[in-house]
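Hi,

Here is the structure I promised to send over. Have a look at it first, and then read on for my notes.

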Amino acid sequence: MNDISTFVGPVIDWLAISPLLALLAGALVLLLVGSLTGEWPWRLYAHLAALSAVVAIFVSVRLWDDVDTNGARLLIGGALALDQFALLGTIAICLAIVLVSYLTSDYLHREGVDMPEIYALYLTAGIGALVMIASNDLVVLFLGLETLSLSLYLLAASNRQQVSSQEAGLKYFILGGFASAFFLYGVALVYGVTGSTRLINLNTALASFIPVPRNDAVLLIGIGMILIGFAFKVSLVPFQAWTPDVYQGAPTPTTAFMASVGKIAALVALVRVFVVAFPSRSDDWGAIILVLSALTLVVGSVVAVVQTNIKRMLAYSSISHAGFILVGLEAASHRASPNVDDGLIGVAVYVVLYAAMVVGTFGVVSVVTSDQANSDASGSTSLDSFKGLAKNQPMLGLAMTVLLLAQAGMPLTSGFVAKFGVIQAAVSVGSYELAVIAMVCAVIAAFVYLRIMVNMWLADRTDTTTVVVPTLSRISIGVAVVITLVVGFLPSLVLNLGSNLAELASK
Amino acid sequence: MIGASTEVLAFPILSSLVILPLLSSIVVALLGRTRAEWTKLAALTSSVTTGALSLWLLGAFKSGDAGFQFVSNQPWISQWGISWHLGVDGISLFLVVLTGILFPLVIVGIDPHHNETSYFAWMLLLQAGVMGSFMALDLFLFFVMFEIVLVPMYFLIGGWGYDQRVYAATKFFLYTMAGSAFMLVGIIATVSLARRDLGFVTFDVIKIAEGATFSTNAARWLFVSFAIAFAVKVPLFPVHTWLPDAHTQAPTGGSVILAGVLLKMGTYGFLRFGVYLFPQAAMWARPVLYTLAVIGVIYGAIAATMQRDLKRLVAYSSVAHLGFIVLGTFALSSQAVTGAVVQMVNHGVSTGALFLLVGMIYERRHTREISELRGIQHVAPVFAAIFTVVMLSSVGLPGLNGFVGEFLILIGSFESARWWTIIATVGVVLAALYLLWAYQRVFHGEPDEANSSFKEINIKEGMLMSVFVAIIVFTGVYPKPVLERIEPSVNSFIEHVESRTK
């Protein structure tokens with residue numbers, strides 16, 4: 001027994017957790033100083049939030065080289081992992097924070113307010129997300145999950161003038177809480193069987209675990225409940241019901257944030273938990289992931305087709321993207337195959353590229369539908385507001401076209417690289433049926449994007465007001481488009497990262 | 001054996017055939033913002049230069065050589081074994097040249113009427129994609145080019161087409177994309193299976209075809225996945241329904257390109273990728289493909305006979321003609337495959353010209369209804385004469401280009417696919433029926449009031465059509481220069497297939 005005098009605190013590698021600290025510092029300054037001073041000029045709220053995210057990105061890039069030379073390792077007594085899988089997620093999340101902060105700044109100015117809370121919430125949500133993707137312990141993971149989720153509930157409800165925004169927040173809160181409970185119950189059951197919540201300990205315990213029938217059932221129920229918790233957060237079918245309502249009701253920049261940061265965090269954490277902790281049960285969860293993935297792909301893309309609201313359309317398309325990412329996880333469940341790592345790399349590349357695409361797309365939506373944001377919510381974001389956009393604002397129309405083609409997975413865009421990666425992973429482990437389902441769903445989803453493009457290019461504009469693209473939004477959308485095209489033409493840029501990507505920290 | 005000749009040329013002609021139109025497309029799009037009046041000139045300069053380069057390619061091509069010439073092979077995505085690998089042999093040479101010639105003719109000859117800048121930018125992007133598809137020797141590169149073509153074509157149909165253009169454009173996009181979805185999985189599976197034999201990952205079609213062997217079952221599945229994509233593109237019955245819509249609704253320029261070169265990406269893909277990679281599976285699938293091809297020949301001909309819209313008639317005649325090409329492709333004899341390759345080019349020339357002529361009729365009369373037209377021969381004899389030549393080339397009259405290809409296909413297919421060939425021959429008769437009947441209704445008789453003011457062909461149109469007529473007559477009378485460039489490659493292709501299917 002340790003008595004209190006001999007307790008030694010864990011060694012903390014401050015540099016390695018500095019991305020977290022950067023975001024935390026930004027959030028604290030925004031909240032403390034922001035609440036004590038009047039409204040800051042020159043969009044400083046957004047710049048500060050972006051600055052702390054950029055610092056986090058820089059540190060992550062430094063850490064990346066560190067991991068390349070010294071290998072992946074665990075931090076803070078094994079609570080967090082430092083590996084390239086987590087770092088890539090960190091960079092994607094911080095990039096999304098930068099882009100979304102600028103979109104939000106323009107959005108809020110249009111609404112006539114600028115407040116520090118929103119940016120502080122982005123940063124706290126970011127902290128939660130960073131903890132989630134790096135956590136090596138189910139309890140730490142839960143902490144991150146709740147930090148992220150609580151911030152997102154508030155963000156969804158942050159437009160106080162709109163009933164739909166509050167409805168979105170409440171709906172998200174109730175269903176999210178429900179999902180967290182599932183997750184926690186699952187963690188408790190797994191702990192009951194194995195006596196640990198550390199991912200790597202779970203793996204060693206389960207690998208040498210002689211399955212007693214009853215205990216194995218408890219374990220599988222636990223794993224299933226953890227999966228249900230994740231499935232809610234990632235919005236996998238049949239746990240997706242909240243997604244379209246929340247995406248539609250929330251302020252558009254927040255939707256961009258949820259679709260990028262929320263999704264990346266939950267997906268990367270999901271992959272880490274299942275690949276690090278439960279590889280010995282991969283036959284069991286692999287089959288479930290296969291079914292979930294196929295369902296998510298089919299429902300996401302088919303239901304998207306019949307939507308008339310652009311945000312609902314993109315909500316369903318994001319569901320279908322999650323299905324695509326699961327194709328990579330499914331490939332990573334084939335432990336016997338020599339190509340099992342392809343799945344992990346596919347997932348990591350997909351989430352990063354997807355983040356840029358989805359932020360850019362919602363950025364355009366945010367700009368285009370802004371002028372009517374105070375009117376009835378269901379009408380203002382209707383697909384009709386895109387009619388004739390390309391004639392009105394050719395560059396914006398072109399940007400949106402590139403982003404939509406990327407989402408559809410057309411070659412020479414990053415979307416194709418992302419899809420190619422996971423499909424290649426699935427095929428290389430022999431999951432042909434899932435690969436075919438995914439590609440067919442990609443075609444169905446393409447119809448959705450074509451509908452938007454038809455409205456932009458081929459329909460006549462109904463109202464004659466010119467869409468104004470504010471500078472910061474222009475930068476955000478521009479960055480997203482540039483990433484989409486550059487990676488599309490030179491996929492080597494992201495694929496070069498992949499050599500150690502699949503090596504998850506476990507020691 | 002088909003092997004890449006490693007000759008290094010100082011000037012990367014094949015790469016420039018792709019990159020020049022691609023860059024010009026961007027330049028045109030940017031020019032449109034400030035100097036809209038220069039866009040046509042820029043588009044024309046680019047496409048004429050590309051055309052000149054492709055003609056130079058034709059001249060420099062060594063006619064006795066069966067392998068790939070002017071090969072350009074640069075690593076692109078080395079992690080996945082993907083390279084920028086281009087090359088032409090006798091099978092692709094004339095398709096490349098056709099693409100090079102057709103685009104400047106379309107750009108100079110057809111006025112888009114509105115939004116010139118984007119029209120020309122899409123046209124040039126389309127040219128880059130088509131060129132790339134015909135020259136790519138890397139499966140990934142081919143897929144990229146094959147797929148990217150959809151985007152400009154979609155916008156061309158959707159932006160400059162007729163009443164039902166959005167429906168037609170969307171249908172075209174989704175049908176083709178659905179086909180290629182299977183092909184993408186097939187390509188990745190091919191590479192992943194070939195890795196076991198080769199020991200390394202490569203998308204290089206030559207290395208895979210020469211070095212890898214697939215189990216019978218795997219090869220069949222893979223062949224099917226490729227065949228679906230190409231069957232949609234060709235299009236084969238029963239996935240042809242996008243074609244009449246797309247052709248009818250597309251602007252004249254779009255139709256010419258669609259019929260002239262885009263459909264050939266399907267038949268060419270069958271040869272270059274489907275059969276070349278999986279000869280045994282192709283042999284196994286032959287009866288089905290023969291049957292679909294022959295159904296296409298007969299069904300296309302009957303449907304064409306029934307059409308009231310002149311453009312739709314020509315569209316259905318494409319279904320029939322491409323049925324012939326597929327029949328020849330899968331007969332896998334030297335004559336039949338040569339015939340198929342020749343016929344790909346011929347169909348591009350004659351159907352492209354027919355669409356141009358129908359477009360001219362529409363410009364003058366603002367209708368394509370056959371029943372609205374009458375007696376044009378009396379008021380526009382030269383126009384009627386040109387139409388006659390082009391039509392007879394499409395029918396396959398001896399002495400014109402259509403005969404050469406059709407005859408070779410029928411002779412070459414007779415041995416391996418006797419009964420199918422006999423039925424397909426009926427299609428030749430039907431082709432004469434629907435085209436001559438349409439000609440009779442449109443050009444003969446006494447012109448009524450609306451048709452009596454039909455304008456005679458003008459100088460610009462005349463010069464445009466004279467290029468087509470010259471190709472039609474030259475190839476028909478003296479096909480030897482064409483055949484002697486195609487045949488060596490086809491022979492070595494057949495040898496490859498035979499050595500794998502013994």
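Let me start with helix 18 of chain A: its 27 residues reach 37 Å from the first C-alpha to the last, close to the 39 Å expected at 1.5 Å a residue. Most of this helix is covered, with 21 of the 27 residues buried. Keep in mind throughout that this is a predicted model.

The model scores ipTM 0.82 and pTM 0.87. Chain B has a mean pLDDT of 87, with 98% of its residues at 70 or more. The pLDDT is below 50 over residues 1-9 of chain B, though, and that stretch has 23 contacts in the model beyond near neighbours in sequence. Chain A averages 84, and 93% of its residues score at least 70. For chain A, the stretch to watch is residues 371-379, where pLDDT stays under 50 and the model has 10 contacts beyond four places in sequence.

**Two helices at an angle in chain B**

Over in chain B, helix 3 (residues 90-109) packs against helix 22 at an angle of about 140°, with the axes 7 Å apart. Angles over 145 degrees would count as roughly antiparallel, so this pair, helix 3 and helix 22 of chain B, is oblique. Helix 3 of chain B brings B:G90, B:I91, B:L93 and B:F94 to the contact, while the residues from helix 22 of chain B include B:V482, B:R485, B:I486 and B:F493. The contact residues of the two helices divide into eight nonpolar, two polar and two charged.

Helix 22 (480-501) of chain B turns up again as a partner of helix 21: the buried residues of helix 21 of chain B pack against it and against helix 15 (334-365), helix 17 (381-395) and helix 18 (401-416) of chain B. Those buried residues are B:E461, B:M465, B:F468, B:I471, B:I472, B:T475 and B:G476. The length of helix 21 (residues 459-477) of chain B checks out too: at 1.5 Å a residue its 19 residues should span 27 Å, and the end C-alpha atoms are 26 Å apart, which agrees.

Most residues other than glycine have a negative phi, and most peptide bonds are trans. With that in mind, here are the exceptions I'd look at.

- The peptide bond from A:V237 to A:P238 is cis, with omega near 5°; A:P238 sits in the loop between helix 8 (213-234) and helix 9 (242-249) of chain A.
- In chain B, a cis peptide bond joins B:F237 and B:P238, with omega about 5°. B:P238 is in the loop between helix 9 (216-233) and helix 10 (242-249) of chain B.
- A:S235 is not a glycine but has a positive phi of about 55°. This residue lies in the loop between helix 8 and helix 9 of chain A. Is A:S235 buried or exposed? Buried, with 27 other C-beta atoms within 10 Å.
- A:L412, again not a glycine, has a positive phi of about 70°. A:L412 is in the loop between helix 16 (394-408) and helix 17 of chain A, and counts as buried with 23 C-beta neighbours inside 10 Å.

Best wishes

Key
Residues are numbered from 1 along each chain as its sequence is written. Chains are lettered from A and ligands numbered from 1 in the order in which they are written. This is a predicted model: local features need pLDDT of at least 70, side-chain atom pairs count only at pLDDT 80 or more; totals for chains, interfaces and linings use all residues. Helices (H or I, at least four residues) and strands (E, at least two) are DSSP runs, numbered from the N terminus. The expected span of a helix is 1.5 Å times one less than its number of residues. A residue is buried if 20 or more other C-beta atoms lie within 10 Å of its own, exposed if 12 or fewer, and partly exposed in between; C-beta atoms are placed from the backbone. Two residues are in contact if their C-beta atoms, placed from the backbone, lie within 7 Å. pLDDT is the predictor's confidence in each residue, from 0 to 100. Axes are lines fitted to C-alpha atoms, for helices over the stretch in contact, and angles run from 0 to 180 degrees between N-to-C directions. Angles under 35 degrees count as roughly parallel, over 145 as roughly antiparallel, 65 to 115 as roughly perpendicular and the rest as oblique. Ala, Val, Leu, Ile, Met, Phe, Trp, Tyr, Cys and Pro count as nonpolar, Asp, Glu, Lys and Arg as charged, and the others, Gly among them, as polar.
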